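Trainee: I would like a close look at a single part of this model. Please set out its surroundings in one connected account.

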Amino acid sequence: MSAQTRTETDSIGSVEIPASAYWGVHTARAHENFPIARRPISVYPDFIRAFACVKQAAARANLEIGALDEQRATLIDRACEEIKTGMLHDQFVVGVVQGGAGTSSNMNANEVITNRALELAGHAKGDYSYINPNDHTNHSQSTNDTYPTAIKIALAFSLGSLLEELSLLAESFAAKGREFSHIIKVGRTQLQDAVPMTLGQEFNAFAVTLREDVERLQEAVSLLREVNMGATAIGTGINAPRGYKESVIRHLRDITDLDLVTAGDLVESTSDTGVFVTFSGALKRSALKLSKISNDLRLLSSGPQAGFGEINLPARQAGSSIMPGKVNPVIPEAVSQVAYSVAGADVTVSMAVEAGQLQLNAFEPIIAHSLFQSITWLERACQTLRVNCVDGITANEDRLEDMVARSVTVITALAPVIGYAEAAKLAKEALATNAKVSELVVSRGLLDQAELDYILQPAKLAGLAPETGAIPVIERDAIETDVASGDAGDPQPEA
């Protein structure tokens, strides 16, 4: 052993460890064996924090039931507290993709916590005769209960940030809905002109659908409450002293401030990973909705001259190396790509859950990585969509006004009064001659201008009548009565 290294030994043999490293022999072997993703588990800080919470709760429970002496338990507790605050995260170096059902991650945590506890006690790193990663830091535990518990806690921690960003994005769309509430446009179904609506309604719908997903994700997080601490290897609780299971869950609730419960059947809970399928599905739902919204923004802003051109997205960067002045919708494009990744991760989670065998699922590392990456990327996608796109969107009001004026979609509002067949003839003629429907209706004597103005009020066209929230069914007699009384401009007619 040189001054720059220390020697650590496991059942396989000895390994030279950098003297400054807080990790040990088990982590070193994992680091060598799994150079696959080249991404350490520390890229997910909430996961490291969650693991520290689990180890801290175990230390407190072991102390409470007399399975660990106060001095060692306190040192382990202090080391965990430091890691929870962000210290030593760079020492969690094992790869996110690993064999062994998470044992490498668990031992990485055990070794870092142990060596920091040794340092706090004035001992050298690697002096495991005083505090041992397996005998003390991992006492009453197994990878098979600490690892899935840490995953669930980390998902709950991470989801809080995602929900906050989703809510902020929803409010951004709602603000645009209010800003654009007076702008009438042509709504579309199957990419074909349908009926009038407001641009505000379109943007407010984006807000509503995102708020629905906030609620669905909040429901999904409740499924993470059930953990299997105390199960140890396969759920039988071997090597977990009497009283440990009850104590550790109580301490874990206090430490995490999460409403955690012990699974009713620890054998089932240790082998079952179905909760991750449900959670992944909720993430995929949100991702696909974000992609749909992003696609709509791209369509509505397409052009600017030869496309829809209804809205303008903020110009974020030059769009072409050959076409001067071209600006692309890069933010919505990036968000959609995140959605595709989340959808792919959902397939990965599904396959990994299905591949579990007998009393354990060996593929939880790829489940964890897939879910953590999806949450992280979705959170960042929501933020960049809000800050770099939605907040800066403007409307092309003149273009929208002209499109509505020349659109035959207003004929739908006239059909209940002039009849469907007559309305269809007018629509056909308007399309053939590019004439305005309103001009044709008046010139044919089907309605006078006052009657026409009454029916084609923007509030009516967009279904904004307060009584019904939908386009009122307007009878000819009601029109004549209101026009005669001078109330043609009343935005709240009798339906």
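Mentor: Contact here means heavy atoms within 4.5 Å. This is a predicted model, in which local features need pLDDT of at least 70, side-chain atom pairs count only at pLDDT 80 or more, and totals for chains, interfaces and linings use all residues. Residues are numbered from 1 along each chain as its sequence is written, and side-chain values use heavy atoms, with hydrogens and water left out.

Let us take Ser 105, found in helix H4 (residues 103-120); helices are DSSP runs of H or I with at least four residues, numbered from the N terminus. Ser 105 has a relative accessible area of 1% and is therefore buried (under 20% relative accessible area, with a 1.4 Å probe and protein chains only). Leaving aside residues up to four places away in sequence, Ser 105 touches Ile 41, Phe 47, Phe 51, Val 94, Gln 98 and Tyr 147.

With the same exclusion of residues up to four places away, Phe 47 touches Ile 41, Ser 105, Tyr 147, Ala 150, Ile 151, Ala 154 and Phe 372. Phe 47 is also, with Phe 173 and Leu 297, among the residues with the most contacts inside the largest nonpolar core, which has 111 residues. Helix H6 (residues 143-179) gives the most to this core, with 16 residues. Such a core is a set of buried Ala, Val, Leu, Ile, Met, Phe, Trp, Tyr and Cys residues joined through side-chain atoms within 4.5 Å.

As to confidence, pLDDT is the predictor's confidence in each residue, from 0 to 100. The chain averages 89, and 93% of the residues score at least 70.

Conventions:
Buried means under 20% relative accessible area, exposed over 50%, partly exposed in between (1.4 Å probe, protein chains only). Helices (H or I, at least four residues) and strands (E, at least two) are DSSP runs, numbered from the N terminus.
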